[in-house]
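I opened my notebook to record a few things looked up in this structure. The entries follow in the order I made them.

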Amino acid sequence: MSQYQTGELAKQKHVSVRTIQYYDKKGLLKTVKTGENGRRIFDEQSKQDLDIILVLKAFNFSLKDIKKIMIEKNKLQTVRTMLEQKETEIEKEMQNNKSMLTEVQLFKQYISQHSEAPLEKLLATKAYVNQKSKIQQFKQSVLYRVIPIAIFQYTALAASILTRKWWPFLFTLPVLFAFAIYFTIYIYSALTYVCPNCQETFKPNLKQWLFTAHTPKTRKLQCPHCTQVNHCIAITAF
């Protein structure tokens with residue numbers, strides 16, 4: 001049966017000599033004998049045990065858990081039980097990391113890459129991030145206003161197509177025009193903006209707000225506080 005000194009076994013398994021010595025000290029590996037020069041000697045069983053340890057370490061099992069597995073009678077059954085526990089831990093950690101990632105991404109939106117704001121503005125940033133529930137409520141209120149007018153519009157259009165007369169649809173145009181004005185004023189009044197450079201809030205004038213480049217969440221505006229132009233983030237004004 002093949003025998004290996006500590007260095008030979010470490011080299012074959014691509015681990016450090018200290019790792020072999022540590023596992024030996026913890027009772028995870030057993031030496032066959034000590035050589036004449038005082039060096040530890042390992043056999044094929046020790047080599048196989050090391051392979052098993054490395055597989056279990058890949059699952060981030062502690063050495064205490066690994067030792068428990070290796071002395072259990074039903075070893076694979078014990079491994080499965082511990083893998084189930086590890087699975088639960090990983091899933092919980094993934095969920096926590098997903099929540100943390102969402103929080104990180106939200107904070108990043110409120111802070112520009114070249115922000116000049118002092119550290120204490122982080123507290124203001126936290127307050128803006130905490131407004132996400134209010135923004136969600138605002139989006140729902142917008143939806144509740146849009147749905148009825150959309151039903152009204154498409155009903156009139158369908159009536160015009162079915163009757164082959166344009167007057168039902170034309171009748172809706174003044175209503176749609178009035179709603180467009182109301183809806184624009186409603187959104188403009190409901191929102192204010194955070195400058196990602198200085199973290200100050202402001203409301204642009206209506207003309208600037210209407211004709212500036214924008215995304216569903218931001219508008220490219222000049223902050224009146226720091227005079228920087230950025231994609232400023234919308235928050236509720238109420």
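Entry one, a helix pair. I looked up the crossing of H1 and H2 and noted that it is right-handed. This is a predicted model, and I keep that in mind for every entry. Two packed helices are described by the angle between their axes and the distance between the axes. For H1 (residues 6–13) and H2 (residues 17–25) I wrote down an angle of about 110 degrees and axes 8 Å apart. That makes H1 roughly perpendicular to H2, because angles of 65 to 115 degrees count as such.

Entry two, positive phi values. I found that Asn 60, a residue other than glycine, has a positive phi, near 60 degrees. I placed Asn 60 in the loop that runs between helix H3 (44–58) and helix H4 (63–71). Is Asn 60 buried or exposed? Its relative accessible area is 62%, so I noted Asn 60 as exposed.

I then turned to Gln 199, also not a glycine, where phi is positive and near 70 degrees. Gln 199 sits in the loop between strand E4 (191–194) and strand E5 (201–202).

Which residues make the nonpolar surface patch of about 420 Å²? I listed Leu 143, Tyr 144, Ile 147 and Ile 151. I traced Tyr 144 to helix H7, which covers residues 132–163. I marked Tyr 144 as exposed because its relative accessibility is 58%, and exposed means over 50%.

Definitions and conventions: Residues numbered from 1 in each chain as written. Predicted model: local features only at pLDDT ≥ 70, side-chain atom pairs only at ≥ 80, totals over all residues. Heavy atoms only, no water. Patch = residues over 30% accessible without salt bridge, like charges linked within 9 Å, V, L, I, M, F, W, Y side chains within 5 Å. Areas by Shrake-Rupley, 256 points an atom, 1.4 Å probe, with all protein chains shown as cover. Salt bridge = Lys/Arg side-chain N within 4 Å of Asp/Glu carboxyl O. Helix = DSSP H or I, 4+ residues; strand = E, 2+ residues; numbered from the N terminus. Buried < 20%, exposed > 50% of the residue type's maximum accessible area, 1.4 Å probe, protein only. Axes fitted to C-alpha atoms, helices over the stretch in contact; angles between N-to-C directions. Parallel < 35°, antiparallel > 145°, perpendicular 65-115°, else oblique. Left-handed = near helix turned anticlockwise from the far one by under 90°.
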